[in-house]
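Please keep the 3D view open as you read.

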Amino acid sequence: PRISWLPPNWGQAYRDGRRRKLYVAPPGKGSRVVFHRENVERIEGRRLYPMDQHGLHLGHECIKQWPGWLPKDWMIGYFKVRDTVKVCFLSPKGARFQDRKGVLDSLNPDRGKRKPTKLNPKRKRKPKKKPINIVLGEFAHRMAFKLRQRAIFSLRDSLAFHAEGEDELPDTCDIFRSFTYEEFDQCFAPPLGDVTTPPAHWPEGLEV
């Protein structure tokens with residue numbers, strides 16, 4: 001597949017049967033052969049980020065392979081929050097979700113719900129143990145208080161995170177790029193497609 005950060009018109013090649021990937025610049029940039037992303041950035045004169053086949057910036061959360069848990073009749077979309085590009089998932093009915101949990105919960109509303117447990121009347125309940133009174137010093141009291149506070153804050157952040165993940169994205173989110181399953185395959189297809197003959201402007205000794 002195409003390297004997600006490789007600019008349009010660049011090529012991916014191999015040399016002498018080795019599987020180390022090389023990058024070939026377009027004719028307008030001298031058809032130079034380089035080995036690393038940094039070299040490509042130097043020739044382009046800019047930082048490179050994941051992009052579609054037309055050069056549209058998709059951000060650091062760019063998905064390079066269709067997730068196995070995402071149905072093929074859904075879509076993958078990209079929207080901006082301030083200057084950050086975020087990914088989301090669009091259902092066939094137009095609902096928008098920002099993570100895997102939201103997608104799976106929408107596909108199976110009963111997912112994650114605990115089944116009611118049946119009480120066994122023959123099972124004997126264990127008698128409650130008497131609490132043990134432990135005398136703590138002042139330092140131990142302070143440490144216990146800090147640990148309790150830390151556990152409360154951690155639980156509060158976790159609940160806030162999951163609550164945020166379960167909500168659908170508002171319709172006001174401006175989705176500037178979206179892919180169906182077929183468009184996704186086309187976006188990250190090899191630059192030369194199924195061609196096995198190197199282009200004429202490539203230096204000798206390179207293989208597709």
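The points below walk through some of the salt bridges, one at a time.

1. A word before we start: this is a predicted model. Its salt bridges come to six in total.

2. Let's begin in helix α1, which spans residues 37-44 and holds both R37 and E41. These two side chains form a salt bridge, at 3.7 Å from N to O. They sit four residues apart, about one turn of the helix. E41 has a relative accessible area of 15%, so it counts as buried, the cut-off being under 20%. R37, at 30% relative accessibility, is partly exposed.

3. Next, have a look at E44 and R46. Their side chains meet in a salt bridge with an N to O distance of 3.5 Å. R46 is partly exposed, and its relative accessible area is 39%.

4. Which residue forms a salt bridge with D52? The partner is R177, and the closest N and O atoms lie 2.9 Å apart. This pair links distant parts of the chain, 125 residues apart: D52 is in the loop between α1 and β4, while R177 is in strand β7 (residues 175-179).

5. Are D52 and R177 buried or exposed? D52 is buried, with a relative accessible area of 2%. R177 is buried as well, at 18%; that value counts as buried because the cut-off is under 20%.

Methods
Residues numbered from 1 in each chain as written. Predicted model: local features only at pLDDT ≥ 70, side-chain atom pairs only at ≥ 80, totals over all residues. Heavy atoms only, no water. Salt bridge = Lys/Arg side-chain N within 4 Å of Asp/Glu carboxyl O. Helix = DSSP H or I, 4+ residues; strand = E, 2+ residues; numbered from the N terminus. Buried < 20%, exposed > 50% of the residue type's maximum accessible area, 1.4 Å probe, protein only.
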